[in-house]
Amino acid sequence: MSRNSERVTLEPTPVVDPPISTEQKLTFNIPTSFVKLPSLGKFYPVDHPLYNQEVIEIKHMTTKEEEILNSQSLIQRGLAIDRLLQSVLVDKTIKSDSLLLGDKNAILMAARIDAYGEDYDVSITCPGCGDRNEVTVPLSSFDSKEMEFIKNGEVNENGNVLLTLPRTGAVVEIKFLTIKDEATISQFAKKNKKLGIEKLLSLQYKQMIVSVN
């Protein structure tokens with residue numbers, strides 16, 4: 001027998017990459033955007049995360065946020081929008097119900113543009129002739145307006161505005177409504193409606209007016 005036949009041929013050991021966990025495979029960075037706050041952070045108390053902050057960072061919507069928007073239980077309880085806001089906020093120390101209403105609307109507008117684009121298609125019915133018109137509204141064309149009366153007032157450490165009434169000369173301290181204030185007004189309005197009482201304007205003033213003189 002030949003000596004060559006007694007030799008054992010050794011195959012090279014294949015190089016095997018370490019297994020990648022499912023968590024590693026699914027890890028990716030979700031894009032974020034910076035949204036200019038209409039309040040410029042001026043009307044939040046000093047202990048609020050948005051005090052004097054002109055912008056807020058939000059993450060782009062994912063399937064998670066779409067599930068929130070389509071949740072019938074959240075919609076029926078009126079919680080879908082609040083849960084959506086809390087989900088897209090990058091800074092989780094910010095509670096969505098503490099957002100001022102103007103800032104809330106700016107964030108929702110930006111989140112909608114990030115997810116579905118700036119074109120918003122609507123059907124408008126002409127009140128004169130009754131014809132329906134399909135209109136595309138560019139959401140990016142909307143911008144916050146400067147509040148002229150703020151220039152004549154004074155903002156205190158609580159983010160509230162002091163205004164001097166032109167007739168009485170009384171100094172009124174008012175605050176801008178938050179999402180939580182809006183929910184409170186809505187709850188009281190529903191209770192009053194059951195009792196046959198319509199005082200929506202009074203409820204708004206009650207939440208806005210902090211003090212007089």
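This is a predicted model: local features need pLDDT of at least 70, side-chain atom pairs count only at pLDDT 80 or more; totals for chains, interfaces and linings use all residues.
Phe176 is partly exposed, at 21% relative accessible area (partly exposed lies between buried, under 20%, and exposed, over 50%, using a 1.4 Å probe and protein chains only). Residues are numbered from 1 along each chain as its sequence is written, and side-chain values use heavy atoms, with hydrogens and water left out.

**The aromatic pair**

- Searching the whole structure turns up 1 aromatic pair (rings of Phe, Tyr and Trp, the last by its six-membered ring, pair if their centres lie within 6.5 Å; planes under 30 degrees apart are stacked, over 60 edge-to-face, and the rest tilted).
- Phe43 and Phe176 make up that pair: the ring centres sit 4.6 Å apart with the planes at 50°, so it goes down as tilted.
- Phe43 is in the loop between β1 and β2 and Phe176 in the loop between β7 and α7, so the pair links parts of the chain 133 residues apart (helices are DSSP runs of H or I with at least four residues, strands runs of E with at least two, numbered from the N terminus).

**The nonpolar core**

- The largest nonpolar core has 26 residues, and Leu50, Ile56, Ile58, Leu99 and Ile107 touch the most other members (such a core is a set of buried Ala, Val, Leu, Ile, Met, Phe, Trp, Tyr and Cys residues joined through side-chain atoms within 4.5 Å).
- At least two residues of this core come from each of β2 (55-59), α4 (80-88), α5 (101-116) and β7 (171-174).
- Setting aside residues up to four places away in sequence, Leu99 touches Tyr44, Leu50, Leu85, Ile94, Ile107, Leu177, Thr178 and Ile179 (contact means heavy atoms within 4.5 Å).

**Helix α4**

- Ala80, Leu84, Leu85, Ser87 and Val88 are buried in α4.
- These residues span an arc of only 165° around the axis, which puts them on the same side of α4 (the arc is taken from the directions from the helix axis to the C-beta atoms).
- The cover over the buried residues of α4 includes β2, α2 (63-70), α3 (72-76), α5 and α7.

**Salt bridges**

- There are 3 salt bridges in the structure (a side-chain nitrogen of Lys or Arg within 4 Å of a carboxyl oxygen of Asp or Glu).
- Lys59 and Glu65 pair up at 2.9 Å, N to O; Lys59 is buried at 17% relative accessibility, and Glu65 is buried at 0%.
- Lys104 bridges to Glu182, with the closest N and O atoms 3.4 Å apart.
- That pair ties together distant parts of the chain, Lys104 in helix α5 and Glu182 in helix α7 (residues 179-194), 78 residues apart.
- Lys104 is buried at 13%, whereas Glu182 is partly exposed at 35%.
- Lys175 and Asp181 form a salt bridge with their closest N and O atoms 3.4 Å apart; Lys175 is partly exposed at 26% and Asp181 buried at 8%.

**Ser39**

- Ser39 lies in the loop between β1 (32-36) and β2, and counts as buried at 5% relative accessibility.
- Its side chain makes a polar contact with the side chain of Asp103 at 2.7 Å (a pair of N or O atoms within 3.5 Å; within protein, one must be able to donate a hydrogen and the other to accept it, and residues adjacent in sequence count only if both atoms are side-chain atoms).
- Beyond neighbours within four places in sequence, Ser39 is in contact with Tyr44, Leu100 and Asp103.
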